Each structure stands twice: as C-alpha cells, then as structure tokens.
Amino acid sequence: MKEQKVVTLGEENNEYYYMYAQGTDASKGYSLYSSSVSDAKSWTEMTLNGLPAGEVRLSQMTEYDDALFVPTTKGALYCSVNGQDWTLVDQTPSVNALLGAINNEIGLGQTSFLSAIVEENGTRSFAFMDKDMKWTTGDVVPDEFPVSGFACYYLNKKPKNQNHLLGIQPGAP
C-alpha cells in the first residue's frame, strides 16, 4: 500500500467511513471501501469515478460543506458529494496543499472556508475558498512553511476555531 486515507461523510445517524487506497502501482488508480459508522465491522468495495490515477494527494483529502475535496500533484482540485463520483473544480488556482476546513458558523458569526496554499505566477500564497467556491488569496507562504509531509487537525475552541499543522521544516534533521 502506497497511501490511504479514511474520511467520514454523511449526515448524523447516516454517516459512512470511506477508505481510499492507492496500491504500490500508482498507474492502477485508487480503490474505495465503505462502512457504516454504526457498524465498522463490514466493509464494501465501491466503484470510484473521476480521480486521475496516481496524481491525488490522498493525505490532504478534506471534508468541507458536506463534500470532500482533494488536490492533485499537478495543482488541480477535485470534489465529491457522495465519496464515489469526483469532478474537477473549475476556476481554481493551482492548489499546492489543502490545510483543512474551518467551520466558523457555530455561534461565531463568521463564514466557513477551505484553507489552502495556492501558486500563481511562481508565488505560493495562503488562500481560502468560501461556500460560493470563490477564492481569496492572502499572505505569501514563507519558504520554511511545510507544503507536504504535514498533518493537520482542527481545533473547535472559542473564542476562535483553529487549524494546526504539524510538520518538519524543510532541511531539518
């Protein structure tokens, strides 16, 4: 197994685990298995449509606004509302990395967004996509900021929600 990722998708009392797996031969594409959250003892292989073979960054797959998003190694962004069928997201800057989703609508009066690092004209910048699929670009990403080989977790803590990245700085021992 080269890479795998398990995500949860669905509504309360009808949630499913989806496990995406890439074998050692990336040219064969990806496999998909699902299981009800209430019964994780049984897994079913499912058909997976629309993801380019060997190009997806499974580790960065993120749930946002009742859909799954995943970037590719070539900067494209794909979306799925059911976990099986994926489509290319149009009018997206070149996405180097997804940093996670922020759900700020829980009593904070702010909008939710999908956080990313994008590249335009050779410059990497922090950016976010809102629920209308509109992108806003922010500060330039520092050279030492990890754009791969990191883990991200979301902390829902008042007064503000936060995404935390854990990674090794480039060139660190």
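This is a predicted model: local features need pLDDT of at least 70, side-chain atom pairs count only at pLDDT 80 or more; totals for chains, interfaces and linings use all residues.
View 1. Tyr 64 and Phe 69 make an aromatic pair of the tilted kind, with ring centres 6.1 Å apart and planes at 50°. The whole count comes to 5 aromatic pairs.

**View 2. The edge-to-face pair of Phe 126 and Phe 145.** Here the rings of Phe 126 and Phe 145 sit edge-to-face, at 5.0 Å centre to centre and 90° between the planes. Phe 126 belongs to strand β11, while Phe 145 is in the loop between β12 and β13 (150-155), so the pair ties together parts 19 residues apart in sequence. How accessible is Phe 126? With a relative accessible area of 23%, Phe 126 is partly exposed. Phe 145 is partly exposed too, with a value of 24%.

**View 3. Asp 139 and what it touches.** Asp 139 is part of strand β12, and at 60% relative accessibility it counts as exposed. Which residues does Asp 139 contact, once neighbours within four places in sequence are left aside? Those are Ser 125 and Phe 126. For a sense of spacing, the C-alpha atoms of Asp 139 and Ile 117 are separated by 9.9 Å, with the two residues 22 apart along the chain.

**View 4. The salt bridge between Lys 74 and Glu 55.** A search of the whole structure turns up 4 salt bridges, and one of them joins Lys 74 to Glu 55, with the closest N and O atoms 3.2 Å apart. Lys 74 is in the loop between β6 (67-71) and β7 (77-80), and Glu 55 is in the loop between β4 (44-46) and β5 (62-64), so this pair ties together parts that are 19 residues apart in sequence. Lys 74 counts as exposed, at 63% relative accessibility.

View 5. Asp 65 and Lys 131 meet through their side chains, 3.5 Å from N to O. This pair links distant parts of the chain, 66 residues apart: Asp 65 is in the loop between β5 and β6, and Lys 131 is in the loop between β11 (123-129) and β12 (135-140). Asp 65 is partly exposed at 38%, and Lys 131 is partly exposed at 37%. Arg 124 and Glu 119 form another salt bridge, their closest N and O atoms being 3.9 Å apart. Both ends are partly exposed: Arg 124 has a relative accessible area of 36%, and Glu 119 comes in at 30%.

View 6. Strands β2 (residues 14-22) and β3 (residues 30-36) pair in the antiparallel sense over 7 bridges. Tyr 18 stands opposite Ser 34 of β3. β3 also pairs with β4, again in the antiparallel sense, over 3 bridges. In that pairing, Ser 34 stands opposite Thr 44 of β4.

**View 7. The nonpolar cores.** The largest nonpolar core holds 15 residues, and Phe 69, Leu 77, Val 95, Leu 98, Leu 114 and Trp 135 are the ones touching the most other members. Which elements give two or more residues to this core? They are β6, β7, β9 (94-102), β10 (113-120) and β11. Apart from this core lies another, of 14 residues, including Tyr 18, Tyr 20, Leu 32 and Leu 68.

Definitions and conventions
Residues are numbered from 1 along each chain as its sequence is written. Side-chain values use heavy atoms; hydrogens and water are left out. Helices (H or I, at least four residues) and strands (E, at least two) are DSSP runs, numbered from the N terminus. Buried means under 20% relative accessible area, exposed over 50%, partly exposed in between (1.4 Å probe, protein chains only). Two strands pair if DSSP finds at least two bridges between them. A nonpolar core is a set of buried Ala, Val, Leu, Ile, Met, Phe, Trp, Tyr and Cys residues joined through side-chain atoms within 4.5 Å. Contact means heavy atoms within 4.5 Å. Rings of Phe, Tyr and Trp (its six-membered ring) pair if their centres lie within 6.5 Å; planes under 30 degrees apart count as stacked, over 60 as edge-to-face and the rest as tilted.
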